[in-house]
Amino acid sequence: MENLIILGSGCAGLTAAIYAARANLSPLVLEGVQPGGQLTTTSEVENFPGFPEGVDGFELTDRMRKQAERFGARFAFAEVKAASLAEGANLLDCGSEKYECKSLVIATGASPRFLGVPGEREMFGGNGVSSCATCDGAFYRGKEVVVIGGGDSAAEEALFLTRFATKVTLVHRRGELRASPIMAKRVVEHPKVAVAWFSVVEAMLGDEKGKVRAIRLKDVRDNSLRDLPCQGIFLAIGHVPNTKPFAANLDTDGEGYLVPLPGSHVKTKVPGVYVAGDCADPHYRQAITAAGMGCQAAIEAERWANERG
Ligand code: NAP
């Protein structure tokens, strides 16, 4: 039986690991499918306090991980498929591996959302449809690409892709970006970026080799259709929380986000089980707020352990 298991190794999980390890809880971090979390797919993090020049997302989480290891946090790769949560006895089924722990911090983050249009899944991962410009952008040197979405992620992806692509078209369903003003300004003023306003994706079109050749857009103002030639399509339309294994034992909202107890940011109705980061935060979803929740969750886990003696 483990003392404390932390699920997820993004900002929330790693901060929880630093605090819990320093409190001698000897946490085991189960890293999940994306070690380091979503920040590892971000190029430059400009708003994490303490880095006036900005910091690479991968480097930031790597530093957090080393900091947690320094105080004795342990790491293993495992993805929770099912969970049974009860006070002081939490069972985690990770397929071939099973874990049991007294206390648990769920910091499983969120995964990219898909549009659900024809061609999207078929060409995702290697054939022109991607959800990570930092990972795949360099494949589109000298090519034309499209980014879907109007938030900060879409703006960031579009700007990053201008390093490689000859032209980046941002496709947004409304006439105003959701992105923060500074990011929105950079996008609309960038000479390589065009914005297709009031446009939704009808289909992603492939060539005879099954690779993206165009995207079919509908203008929602007059329902007109047009095919925009492109070789890459990047999805940046938000995320869905990774919470399925916990939905039977914990409260979730309509979108699947874990809902903490009223008056707390991290406590759940199962004593000793805490939530942190994007899996439980539909509002802020920032690296720094995730880290803050991870800190709170670890402090609560320490108090809970002390009260039990
Ligand atoms: P987001 O803010 O939720 O934006 C999602 C965008 O996708 C919105 O513009 C939305 O359109 C659009 N969208 C959603 N579903 C769609 C659909 N089915 N079809 C077409 N368009 C769709 O998500 P995000 O950009 O991933 O950002 C998430 C959070 O992380 C935000 O709080 C953001 O500030 C933060 N973030 C910050 C930074 C930074 O500070 N540098 C970078 C990345 C992310 P509508 O606008 O019409 O709803």
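Because the model is predicted, local features are reported at pLDDT of at least 70 and side-chain atom pairs at pLDDT 80 or more, whereas totals for chains, interfaces and linings use all residues. Residues are numbered from 1 along each chain as its sequence is written, and side-chain values rest on heavy atoms, with hydrogens and water left out.

The protein is divided into domain 1 (2-111 + 239-308) and domain 2 (114-235), with bounds that come from an automatic or database domain assignment. A distance of 31 Å separates the C-alpha centres of domain 1 and domain 2. Contact, meaning heavy atoms within 4.5 Å, links five residues of domain 1 with seven residues of domain 2.

Helix α1 (residues 11-22) and helix α6 (residues 287-308) have axes that come within 7 Å and cross at roughly 35°; the axes are lines fitted to C-alpha atoms over the stretch in contact, and angles run from 0 to 180 degrees between N-to-C directions. The crossing is right-handed, that is, the near helix is turned clockwise from the far one by less than a right angle. On the α1 side, the contact is made by Cys11, Ala12, Thr15, Ala16, Tyr19 and Ala20, and on the α6 side the residues include Ala287, Gly294, Cys295 and Ile299. By class, the contact residues are 11 nonpolar, two polar and no charged, with Ala, Val, Leu, Ile, Met, Phe, Trp, Tyr, Cys and Pro taken as nonpolar, Asp, Glu, Lys and Arg as charged, and the others, Gly among them, as polar.

Thr15 sits in helix α1 and is buried at 9% relative accessibility, where buried means under 20% relative accessible area, exposed over 50% and partly exposed in between (1.4 Å probe, protein chains only). Beyond neighbours within four places in sequence, Thr15 is in contact with Met64, Ala291, Gly294 and Cys295.

Gly109 lies in the loop between β8 (97-106) and β9 (110-112) and is buried, at 17%. Not counting residues up to four places away in sequence, Gly109 touches Pro241, Asn242, Asp278 and Cys279.

As for the cysteines, zero disulfides (pairs of cysteine sulfur atoms within 2.5 Å) are found in the whole structure. For Cys11, the nearest cysteine sulfur, in Cys295, is 13 Å away.

Key: Helices (H or I, at least four residues) and strands (E, at least two) are DSSP runs, numbered from the N terminus.
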